[in-house]
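Please find below a colleague's note on the structure shown here.

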Amino acid sequence: MRKHSVLAWSMVVALGGFLFGFDTAVISGAEKSIQQFWHLSVFEHGLTISIALIGTVIGSLFGARPSDLFGRKNTLYFVAAAYLLSSAGTALADNWYVFLIFRLLGGLGVGISSVTAPIYISEVSPADRRGRLVGLFQFNVVLGILISYLSNYLISQGGEASWRWMLGVQAFPSLLFLVLIYFIPESPRWLILKKGADEKALKILNIINPLNSEQELVSIKNSKLHDGNTSDNLFSGQYKTPVVLAVLFAFFNQVSGINAIIYYAPRIFEMAGLGQHSSLLSTVGIGLINFIFTLLAINVIDKVGRRMLMLIGSFGLIISLFLVAFTFYSGHFNGFAIPVYMMVFIAFFAFSQGAVIWVFISEIFPNQVRAKGQTLGSSTHWIMAALIAFCFPYFAEKLGGGTTFSFFGVMMFCQLIFVWKFMPETKGKSLEQIETNMVMH
């Protein structure tokens, strides 16, 4: 029963990850119709796609604050409400400005959930199952992307207003998420450290870990007292190594071109000569491969190690991106060459960067500044994602597919050097061992 309780709580919160993935990718099927519907210029179109990402950046920058102030559970209520209002609002919007406001709100939900949901799951999980349970969040993000591609493909047959249905259908899982949050408890660590509600927390700890709940209560209370010789300031010199690693890791995640591909997949396939119908179907293939290889990576990350996954992935990303670039340069579009190379790219991305980023960033920061470190990594990731999504249509139009994908390929070559020379392996080490290696006392 107790095992199932923690799993059930984690699955409810991971539903926030599902909505995060769905909300991020659903725009790809609707973006061309929206551009035509409101007769948007290139700038306005770029803003329409990236406005959700601007919201995500704001949400990820400030996500730790409501989570600490109002509790993890109440913050998740806000996230669910943001998703629900965003999906209904964008589907029913009668002018472009209203549409932008509701897309921005959905982005805020994504940003806050990317900070709050992993924190909640890690705080209610027993130590021996934490990796897999936090992995459930990433797994659900990818599942959300896959389902959004699938629903876009099915709904796209529905005529001119089908883009409204594509965006509106998200209201159903959002409503389910809002209802289910009622049934999960608050994080016991938040209750103890922020509210001093020890008795309430002990009841929850009894469900999580009935044998050692009393000791766990004591160790959580003591954790406040331990870090006497470390600073609260993330940018004090002693945290230089994890700060640089997190920022570079998040930077490389996005200059691979991943979000450009997730947002603009149908358009890229049309640039490569596929019809609209085949393009939407090909994106379902991308979502499916993303899903399969994320699942594979989550299963081997603790055995093979983070660094090895990144090395394998970097080689695969370099090769697949240059193959796409070469095909654009040569102009020989024999139907499915580019979709196949894209799917190879997605497989290697999901197996490396996609699976490793949130695990690695959450491991390299000491307890004292972990939430701030997570926020730094997450917001760097989203700022880069917004920039890439905003610039991609412009560069693809002005420079062409060949040059654009060559740039991504060169960046992945830089990532390979970064991983090979600078990335430490964190597999099998306790957080305290990693901290000793990372922090300059």
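**Notes on the predicted model**

1. Thr24 belongs to helix H1, which spans residues 2–37. The model is predicted, and in it Thr24 is buried, because its relative accessible area of 9% falls under the 20% cut-off. A polar atom of the Thr24 side chain lies 2.6 Å from the backbone oxygen of Phe20. That separation is within the 3.5 Å limit for a polar contact.

2. With regard to Val340, Thr24 is 316 residues away in sequence, and the C-alpha to C-alpha distance between the two is 23 Å.

3. The count of aromatic pairs in the model comes to 21. Among them is the pair of Phe328 and Phe405, which is stacked, with 6.0 Å centre to centre and 15° between the planes. Phe328 lies in helix H15 (residues 306–330) and Phe405 in helix H17 (residues 370–422), so this pair ties together parts that are 77 residues apart in sequence. Phe328 and Phe405 are both buried.

4. One aromatic cluster is formed by Phe249, Phe251, Phe252, Phe360 and Phe418.

Notes: Residues are numbered from 1 along each chain as its sequence is written. This is a predicted model: local features need pLDDT of at least 70, side-chain atom pairs count only at pLDDT 80 or more; totals for chains, interfaces and linings use all residues. Side-chain values use heavy atoms; hydrogens and water are left out. Rings of Phe, Tyr and Trp (its six-membered ring) pair if their centres lie within 6.5 Å; planes under 30 degrees apart count as stacked, over 60 as edge-to-face and the rest as tilted. Helices (H or I, at least four residues) and strands (E, at least two) are DSSP runs, numbered from the N terminus. Buried means under 20% relative accessible area, exposed over 50%, partly exposed in between (1.4 Å probe, protein chains only). A polar contact is a pair of N or O atoms within 3.5 Å; within protein, one must be able to donate a hydrogen and the other to accept it, and residues adjacent in sequence count only if both atoms are side-chain atoms.
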